[in-house]
Amino acid sequence: IHKVVWLTAKRRTYAAVLGEYVEIAHTHFTDLDSLLRSLLSELGVLDSEIEALEVRDELLDATLEAVRQWPCLLVVDDVDSLPTEEQFDVFRSISTIFDRVIASGATRARALLTARLTLGAAPGQLMMVGGMPLLDFEAYVISTAAAIGAPLSTGNSLKNDIRRLHEASSGSPLFASSILRLVSLGETLSAAIRQYKGAEGE
């Protein structure tokens with residue numbers, strides 16, 4: 001692999017400790033075309049050459065050739081920040097490009113996409129990532145609750161509450177901190193958990 005390229009679509013993220021959304025410093029793409037242009041730039045294609053690529057097919061062909069010349073590990077992060085149809089478009093197109101590059105003999109080229117949807121990925125293409133283990137999650141919840149002033153139970157009740165919170169948030173620190181933020185604003189933990197449980201943070 002000649003290069004690692006990491007591109008993100010995320011524009012902002014929720015910081016529960018601050019109780020607000022925080023803008024991401026660098027958003028690299030907002031759709032497939034801007035993703036391909038960013039990748040071409042990262043692989044050393046001149047800006048003037050990229051600007052001359054006016055239609056999607058030209059962008060796809062140029063990206064295929066660039067990845068062949070410079071096999072890379074491409075990380076396309078936060079694909080779920082895009083509208084649903086764009087997510088599928090990105091997954092299909094990047095999969096096709098890298099499949100063709102690998103078939104041509106550049107076996108070192110690989111792409112990794114992160115998203116909440118499976119986007120039609122085959123079982124061999126998909127790796128589900130779980131949340132934090134319960135012990136680590138407990139330490140995270142206690143420190144986060146203290147930082148944002150969310151009251152927690154004590155003793156055995158605390159252990160039970162953390163177990164319920166772990167189940168409701170699937171161990172996700174982002175979802176857990178969002179639930180705790182509701183608690184810090186006066187919501188009961190049970191009510192906050194009910195609001196989030198099964199919603200995948202929606």
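Predicted model: local features only at pLDDT ≥ 70, side-chain atom pairs only at ≥ 80, totals over all residues.
Helix α6 (residues 155–169) and helix α8 (residues 189–196) have axes that come within 9 Å and cross at roughly 15°; axes here are lines fitted to C-alpha atoms, for helices over the stretch in contact, with angles running from 0 to 180 degrees between N-to-C directions. That makes α6 roughly parallel to α8, a term used for angles under 35 degrees.

Which residues of α6 and α8 make the contact? From α6 they are Asp161, Arg164, Leu165 and Ala168, and from α8 they are Leu189, Ser190, Ile193 and Tyr196, where contact means heavy atoms within 4.5 Å. These residues divide into five nonpolar, one polar and two charged; Asp, Glu, Lys and Arg count as charged, Ala, Val, Leu, Ile, Met, Phe, Trp, Tyr, Cys and Pro as nonpolar, and the others, Gly among them, as polar.

Beyond its neighbours within four places in sequence, Leu158 is in contact with Ile142, Leu152 and Ser153.

Finally, a word on how the model was read. Residues are numbered from 1 along each chain as its sequence is written, and side-chain values use heavy atoms, with hydrogens and water left out. Local features need pLDDT of at least 70 and side-chain atom pairs count only at pLDDT 80 or more, whereas totals for chains, interfaces and linings use all residues.

Conventions:
Helix = DSSP H or I, 4+ residues; strand = E, 2+ residues; numbered from the N terminus. Parallel < 35°, antiparallel > 145°, perpendicular 65-115°, else oblique.
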